[in-house]
Amino acid sequence: MSNIIAERVYDFLKNFPPFSFLERQELLEISGKVKVIYLEKNEFVFKEGETTHNHFYIVKDGAIGILREQNTILVDQCDEGDIFGIRALIRKGDYFLSAQAIEESIVYSISSELLERIIETNNEANKFLITSFATNTRNPYSNENKGVLFTYATDLKPGQFDFTEIQSVQYSKHPVTCSLTSTIQQAATIMARNRVGSIVIEKNKKPYGIITDKDLRLKVATGNYKIEDNVQQIMSRPVITYPPDITIAEAQIAMIQHGITHLCITEDGTPGSMLTGVLSEHDILVVHGNNPSVLIKEIKRSDTTESLKYIRNKAQQLLKGYLEQNIPVFFISKIISKINEAVTEKVIRFSVNEMESPPPVTFGWLSLGSQGRKEQLLFTDQDNALVFENVAEENYKETKKYFLTLSKKVTDKLHVIGFEYCPANMMASNPKWCLSVNEWKKQFNNWIVKPDEKKIMLSTIFFDYDIVYGNKKLIDEMSDSIFTSIGTYTIFLNFLGLNALKNPPPLGFFRQFLVEETGEHKDQFDIKARALMPLVDAARLLILSHSIKNYNNTILRFEKLIEIEPQNRDLYISCINAFKILLRFRTVHGLQQESSGRFIDLNSLGKSDRLKLKSCFKPIKEIQELIRVRFQLSHLM
């Protein structure tokens, strides 16, 4: 073997135990004696019952499956840097298991003589190999994935970890109640006597309504109701109920979503079961001071763009904390999206107040792309649009001028807060993306019935919209028009399908990552374009093909698809898990690098992280194959 090849083998082996314990010269000598073996897919390295070879093996590229029971059951999968075949060598018996290439692979073969020398001369390597043999794991020194290299992150369960957000929250198990016949004065007296900020109105020991301090201030103290009036006149109902094991994260999200500060706890979590307690926002504040509810309140109280910038930066700290605690990324994205929406809504209110007159007609502000899908965790550039009510032709010019001026004020403020301007100018301040309802409907129809590459690209951005502020009916009208147009020109879905296949699974021959070949990010991995977007595109296409409205989030889209297509349940679950892993990867990397997290230097990742990333590519390949077959795209490619 030439010195160049020996050097390359050395560069690889030095990163993996037990070779990492060896001195350079010793490892170089071993590297020069390594035999390089190429295996085609399904080719065996050794078979069950076969006499033990005089070698053990380490995977350089590809993947080797370890099988038992006549190769019918996959026991383990060895990937880059994993050793196999050593147990039979140490115990000097026939192979109990088979080793088969499950894809094109390269393995290094190292002789038993070299193994014996390593064991005899290096205590650390000796300890590693013996421990591996005794514990039946490939890497006994690893704190994770011992012998299980391909893993999907699972949702955290309450009690599984010691994280506050997923612990069951402590709430009042002695709810203060009154009956439907009570007066407001009686209810207020009970609240004062028990020193609580709420009282539940019971009916047959089940929660029927709720009154809080706020109701007393706004409805009674203002004189709108008398203290002699019945509680039913000021109570809020239906009440929002949850089961006793509600977590803090779930409680936070529920309060944000419903705009309330109290939840009723019932036996089975439904309003139809017995009331067992009341959970207040104060209960959560007691757990930790910095939480999304507090931030939302600060946003509502803020009166300057600068204060919004300060609050949004605090949300970034919240995001870091959640990631450090391994809070499920779906929870995190919902919370950060709510904060982003609250900031944007406040900015729009500021801007409307700065205008010389109120809006001439109603309008809706749309977030697009990742923010529209509620998947924007980091500060990225803005993608937004505006739709306004149809107006008479003679009023159109002035109306559009008004909303363009308003949009410019909004986008400028968002920029100050930290949301960069969109480099492609896909913002409501652009006349192309500030249109009346009829103009949007006409434009969407044009994209659908006369698609080209640019229109398909625009569709993938603009079809992922969410209303942040304004008249929701305008948005519903736009959505209806999209499905009507697709219904009359279904081949549009085939074009979307081709777009969903433009980025194949990002693994090259021998399973190496496909990285950028040129430009500023040369040799870096584009996790957005090569891994996240194929899953986003697939979910969008499939949900559109079923004419399902109001599902703009990738995870929710796959969950809905599981309901519609139970036969593909396993595939869609694997897509959800892969998406969660990838989104967390990008976010963590972005926070570490103070960037968008899009481009990753693979050399900065450990083996475990690289394998986790690779584990996400199998679902990408499978979902793209499903799309290729379902939409009959082979003949169009």
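Modeller: A residue counts as buried when its relative accessible area is under 20%, and as exposed when that area is over 50%. The model before us is predicted. Phe525 has a relative accessible area of 0%, and is therefore buried. Phe617, at 2% relative accessibility, counts as buried because it too falls under the cut-off.

Colleague: How many aromatic pairs does the rule give?

Modeller: The count comes to 23 aromatic pairs. In the pair of Trp433 and Trp440, the centres lie 6.3 Å apart and the planes meet at 20 degrees, so the rings are stacked. Both Trp433 and Trp440 are buried. These two residues also belong to one aromatic cluster, together with Phe444, Trp447, Phe462, Phe463 and Phe492.

Colleague: Let us turn to strands. Which residues of β15 lie on one side and which on the other?

Modeller: In a regular strand the side chains alternate between the two faces of the sheet. In β15, Phe363, Trp365 and Ser367 lie on one side, while Gly364 and Leu366 lie on the other. Both faces are covered, and five of the five residues of this strand (363-367) are buried.

Colleague: Which strands does β15 pair with, and by how many bridges?

Modeller: Strand β15 runs antiparallel to β16 (residues 384-388), to which five bridges join it. Trp365 stands opposite Leu386 of β16. Four bridges link β15 with β18 (residues 466-470), again in an antiparallel arrangement. There, Leu366 has Ile467 as its bridge partner.

Colleague: How is the packing of two helices read? Are α20 and α21 roughly parallel or antiparallel?

Modeller: The angle between the N-to-C directions is taken, and a value over 145 degrees counts as roughly antiparallel. Helices α20 (residues 554-564) and α21 (residues 569-593) pack at about 170 degrees, their axes 9 Å apart. The two are therefore roughly antiparallel to each other. Among the residues that meet are Ile555, Phe558 and Ile562 from α20, and Tyr572, Ile576 and Phe579 from α21. By class, this contact comprises nine nonpolar, one polar and three charged residues.

Colleague: Which residues of α22 are buried, and what covers them?

Modeller: In an α-helix there are 3.6 residues a turn, so residues three or four places apart point the same way. In α22 (residues 607-615), the buried residues are Ser608, Arg610, Leu611, Leu613, Lys614 and Ser615. Their cover includes β19, α19 (527-545), α21 and α23.

Colleague: Finally, what should be noted about the backbone in the loops?

Modeller: Positive phi values in residues other than glycine deserve a look. In the loop between α19 and α20, Ser547 has a phi near 55 degrees, and Asn550 has one of about 65 degrees. Ser547 counts as partly exposed at 48% relative accessibility, whereas Asn550, at 60%, is exposed. Elsewhere, a cis peptide bond joins Arg237 and Pro238, with omega about 5 degrees. Pro238 lies in the loop between α7 (213-220) and β12 (241-242).

How values were computed:
Residues are numbered from 1 along each chain as its sequence is written. This is a predicted model: local features need pLDDT of at least 70, side-chain atom pairs count only at pLDDT 80 or more; totals for chains, interfaces and linings use all residues. Side-chain values use heavy atoms; hydrogens and water are left out. Axes are lines fitted to C-alpha atoms, for helices over the stretch in contact, and angles run from 0 to 180 degrees between N-to-C directions. Angles under 35 degrees count as roughly parallel, over 145 as roughly antiparallel, 65 to 115 as roughly perpendicular and the rest as oblique. Contact means heavy atoms within 4.5 Å. Ala, Val, Leu, Ile, Met, Phe, Trp, Tyr, Cys and Pro count as nonpolar, Asp, Glu, Lys and Arg as charged, and the others, Gly among them, as polar. Buried means under 20% relative accessible area, exposed over 50%, partly exposed in between (1.4 Å probe, protein chains only). Two strands pair if DSSP finds at least two bridges between them. Rings of Phe, Tyr and Trp (its six-membered ring) pair if their centres lie within 6.5 Å; planes under 30 degrees apart count as stacked, over 60 as edge-to-face and the rest as tilted.
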